[in-house]
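I am opening a notebook page on this structure, and I will write down what I look up, one place at a time.

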Amino acid sequence: MLKKITNKVHYMPHYSETDRPALGLICGNKFSLVVDSGNSPAHARDFLKLVEKMDISPLKFVVITHWHWDHIFGMKTMDLLTISTEETKKKLAYMKTLKWDDASLDARVETGEEIEFCRDMIKLEMPTRDFLELRMPDITFENKIEIDLGGLHCIVEHVGGVHAQDSSIIYIPDEKVMFLGDCIYQDFYSGEWSYDKHELIILLDKIKKYDVNCYVTGHQDPKTHEEMWAFFDDLLNI
C-alpha cells in the first residue's frame, strides 16, 4: 500500500538503492493526480499496481516536477495527461535525442554532461534500456497552474533552484501538504555538489508563502513544518 499523509494525499516512498524518488498521489472527488512518473517503466508499474488496490477517483494527471531522468522515465508507462513547465518540456525534447545504452551513458560521463552517480543508478534500475521510450508533456505552463480535481485543487508553481532550474512544487491548500520534488537539493552538475546562498534564499521565499504542515521531498522521508524549516535554517547558517 501507498503511505497515507491525509485521507486525500498518499505517497510511494523513495528507494535509494536505485535512486527511485518518492511518487505522490492526490485524490479529488472526480480525478486523481500523480506527482512524478518514476525512474523507469518498472517503477511506474509498481506504483500503478498499488493504486489499483485503492478505492479512489480515476487517475487523470501526472505532474512532472523537473527534467531529471529519475522523475520522467515512467511517463509513457503512466499514460496520463502530463503537465510540466515549458522549460521542462524543452529539456525533455533534448533528452529524446539522446541514446541510453551503456556506451552512450559512459561517453556523456566522460564529457561531463552526465554524472557518474546518475549513470550508475540508471544501469542498476534498468540493466538494459532497449525498451525505453521518452514521452513529451501534454500541457505546459510558465509560472503557475491550478488543477481542480473535484472538491480539491492543487497549485503547481515553477520555483527553480540550483538543482534544476525548471523545478516545480505542488501544493494542496485544503490538506496543507506540499510536494517539493528535488528543488531543495544541491547542484550536481557544476563540480562539487553545492548550493548558492542567494539562489537558496530566493527559493525558500517562494516556499515560505504557503501554509504547509507536511513536506514531501523526492529522496527523503516526509517532514513536518518544524523539521523542514530547521533543515533550511541549518543550510542558511552554513
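I start with Arg-20, which lies in the loop between strand E2 (9-12) and strand E3 (23-27); strands (E, at least two residues) and helices (H or I, at least four) are DSSP runs numbered from the N terminus. Before going further I note that this is a predicted model, in which local features need pLDDT of at least 70 and side-chain atom pairs count only at pLDDT 80 or more, while totals for chains, interfaces and linings use all residues. Residues are numbered from 1 along each chain as its sequence is written, and side-chain values use heavy atoms, with hydrogens and water left out.

Is Arg-20 buried or exposed? I find a relative accessible area of 13%, so Arg-20 is buried (buried means under 20% relative accessible area, exposed over 50%, partly exposed in between, with a 1.4 Å probe and protein chains only). I then looked up its side chain, which makes a polar contact with the side chain of Asp-46 at 2.9 Å (a pair of N or O atoms within 3.5 Å; within protein, one must be able to donate a hydrogen and the other to accept it, and residues adjacent in sequence count only if both atoms are side-chain atoms). Leaving aside neighbours within four places in sequence, the residues in contact with Arg-20 include His-14, Ser-40, Glu-125 and His-219, where contact means heavy atoms within 4.5 Å.

Ser-40 was my next stop, in the loop between strand E4 (32-35) and helix H1 (41-52). Ser-40 has 0% relative accessibility and therefore counts as buried.

Ile-155 is 11 residues away along the chain, and the two C-alpha atoms are separated by 7.1 Å.

Last, I looked at two helices, H7 (residues 197-208) and H8 (residues 225-237), which pack at an angle of about 160° with their axes 11 Å apart. H7 and H8 are therefore roughly antiparallel to each other (angles over 145 degrees count as roughly antiparallel). Among the residues that meet, I noted Leu-200 and Leu-204 in H7, and Trp-229 and Phe-232 in H8.

Terms used. Axes are lines fitted to C-alpha atoms, for helices over the stretch in contact, and angles run from 0 to 180 degrees between N-to-C directions. Angles under 35 degrees count as roughly parallel, over 145 as roughly antiparallel, 65 to 115 as roughly perpendicular and the rest as oblique.
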